[in-house]
Amino acid sequence: MSFDSLGLSADILRAVAEQGYSEPTPIQRQAIPVVLSGRDLLASAQTGTGKTAGFTLPLLQKLSAKATARGRRPVRALILTPTRELAAQVGENVSEYSKYLPLRSLVVFGGVSINPQMMKLRGGVDILVATPGRLLDLAHQNAVDLSQVEVLVLDEADRMLDMGFIHDIRRVLAKLPARRQNLLFSATFSDEIKTLAEKLLHNPEQVEVARRNTASEQVSQQVVFVDKKRKRELLSQLIGEGNWQQVLVFTRTKHGANHLAEQLGKDGITAAAIHGNKSQGARTRALADFKSGGIRVLVATDIAARGLDIEELPHVVNYELPNVAEDYVHRIGRTGRAAATGAALSLVCVDEHKLLRDIERLLKREIPRLAVAGYDPDPGIKAEPIQNGRQQQTRGGGGGRGRGPGSSMPRPSGDKRPQQARRQGPASADKPARPRRPAVKRSGNS
Ligand code: AMP
């Protein structure tokens, strides 16, 4: 099947062809006709499936088919994402796919100056990609008119709820016109997502694509059992001996990410860390360096890595397993994307055996073991509780929305997040282990 038969205009097809896409992915085949028909959509799809084009292409088709009034241009399509990185990525895709259309798009997120965003909005924007916090800030300053939104997209809705954005989402919804098309994309379907979908969507069409990363043949997954103290040495050896040139490495904590990047540097392996305490500029720079081959290793926490789109990433290493099994699937989804193949290796110490069991239960299979000579674990070492980081007051991976360390804003009493989510916080990474602590309302990612 080709893109030609989906009812998209020549200008859109031309832009798609320039991206090198020869045929639509399964989610695109299913979602594009639904969105064009005007119906609400509930889509189960992860990053890596081509979901962004799945909603963007028909959106562009609809917006460009209906003439825009001259002069003031209110926002006609709003795409909400949980993280800055995903917003930037989606925004990039929107501008690529719309390059031959007379439509204007803009990406807004926190952590950068609001004034240029206000200026651009004043000039008129058809498609706005936003993280919820910054969007609300703009709305409070009357810098954005959401009363004419025709299509709303909630991208990675599960992650938005995990990160505690439900209240912000409700506030945004209150600013939208009642009559509109709603598209909800989520990798998982918790009860919370179902509740949100029931409220938000009217008679939605449901589409689902296989969770390519759990079933994927494209990603080879392996586990090496190794003592915690020897992980760094082993990683440096594997990178060196295997001549790995582009490796995304996951740690559980921001501190761990910094430390590992430094240590790899000392081993002569160029590395940078990317996490929520880094400024947006530093994150963007690190990602650009990593993509261009300027650095070999990018060490990231889960939230920071969310939404990263790095084409044909050959190696993902779980330096530490995530606390939440689902995050493992998200992590390895960074490799083996589109038609590429990739390898995901997990370095597992004795403390992490339970986490590994949880992951394998989720995958419904055992991950093959790899033994590396000279690194057999010392059987005398006993498991210890997992340390998730230093004691801190803030949480979440996005960094600054004005509530720095020390902030202790209580979670609103209406917090309906399930016990699990409350216990885990917004995400497993970037977040210290604190059994009971005051929580901030937002992760600070927007
Ligand atoms: P997404 O799931 O939207 O993050 O997309 C994952 C990756 O697949 C991105 O790098 C896209 O550029 C790429 N992609 C999207 N649609 C297609 C397609 N039809 N053919 C090949 N690659 C695609």
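How many helices and strands does the protein chain have? There are 17 helices and 13 strands, where helices (H or I, at least four residues) and strands (E, at least two) are DSSP runs numbered from the N terminus. This is a predicted model, in which local features need pLDDT of at least 70 and side-chain atom pairs count only at pLDDT 80 or more, while totals for chains, interfaces and linings use all residues. Residues are numbered from 1 along each chain as its sequence is written, and side-chain values use heavy atoms, with hydrogens and water left out.

**Figure 1. The whole chain, before we zoom in.**
Of the 446 residues of the protein chain, 57% are buried. Buried here is under 20% relative accessible area, exposed is over 50%, and partly exposed is anything in between (1.4 Å probe, protein chains only). The chain exposes about 18,800 Å², with carbon and sulfur atoms supplying 50% of that area; accessible areas come from the Shrake-Rupley method with a 1.4 Å probe, and for residues only the protein chains shown count as cover. Take the contacts (heavy atoms within 4.5 Å) with a separation of 6 or more: residues 24 or more positions apart account for 78% of them.

For Gly50, a polar backbone atom sits 2.7 Å from a ligand oxygen. On its own the ligand has 500 Å² of accessible area, and the protein covers 87% of it.

Side chains of opposite charge can pair when their charged atoms come close. The rule used here for a salt bridge is a side-chain nitrogen of Lys or Arg within 4 Å of a carboxyl oxygen of Asp or Glu, and by this rule the count comes to 19. In this view Arg232 pairs with Asp267, their closest N and O atoms being 2.6 Å apart. The partners are 35 residues apart and link distant parts of the chain: Arg232 belongs to helix α11 (residues 231–242), while Asp267 is in the loop between α12 (254–266) and β10 (271–274). Arg232 is partly exposed at 24% relative accessibility, and Asp267 is partly exposed at 33%.

**Figure 2. Asp302 and Arg331, a helix-to-helix salt bridge.**
What joins Asp302 and Arg331? A salt bridge does, with the closest N and O atoms 2.8 Å apart. It links distant parts of the chain, 29 residues apart, from Asp302 in helix α14 (residues 302–305) to Arg331 in helix α15 (residues 325–332). Both ends count as buried, because Asp302 has 5% relative accessibility and Arg331 has 1%.

The side chains of Glu360 and Arg369 meet in a salt bridge of 2.5 Å, N to O. Glu360 is buried at 12% relative accessible area, whereas Arg369 is partly exposed at 35%.

**Figure 3. Two loop residues with positive phi.**
Most residues other than glycine have a negative phi. Asn203 has a positive one, about 45°, and is found in the loop between α9 (191–200) and β7 (205–208). Lys364 also has a positive phi, near 65°; its place is the loop between α16 (353–363) and α17 (419–424). Asn203 is exposed, with a relative accessible area of 60%, and Lys364 is exposed at 73%.

**Figure 4. Ile381 and its contacts.**
Ile381 is found in the loop between α16 and α17 and is partly exposed at 39% relative accessibility. Leaving out residues up to four places away in sequence, Ile381 touches Asp227 and Val350. The C-alpha atoms of Ile381 and Asp227 are separated by 8.1 Å, although the two residues are 154 apart along the chain.

How values were computed. A polar contact is a pair of N or O atoms within 3.5 Å; within protein, one must be able to donate a hydrogen and the other to accept it, and residues adjacent in sequence count only if both atoms are side-chain atoms.
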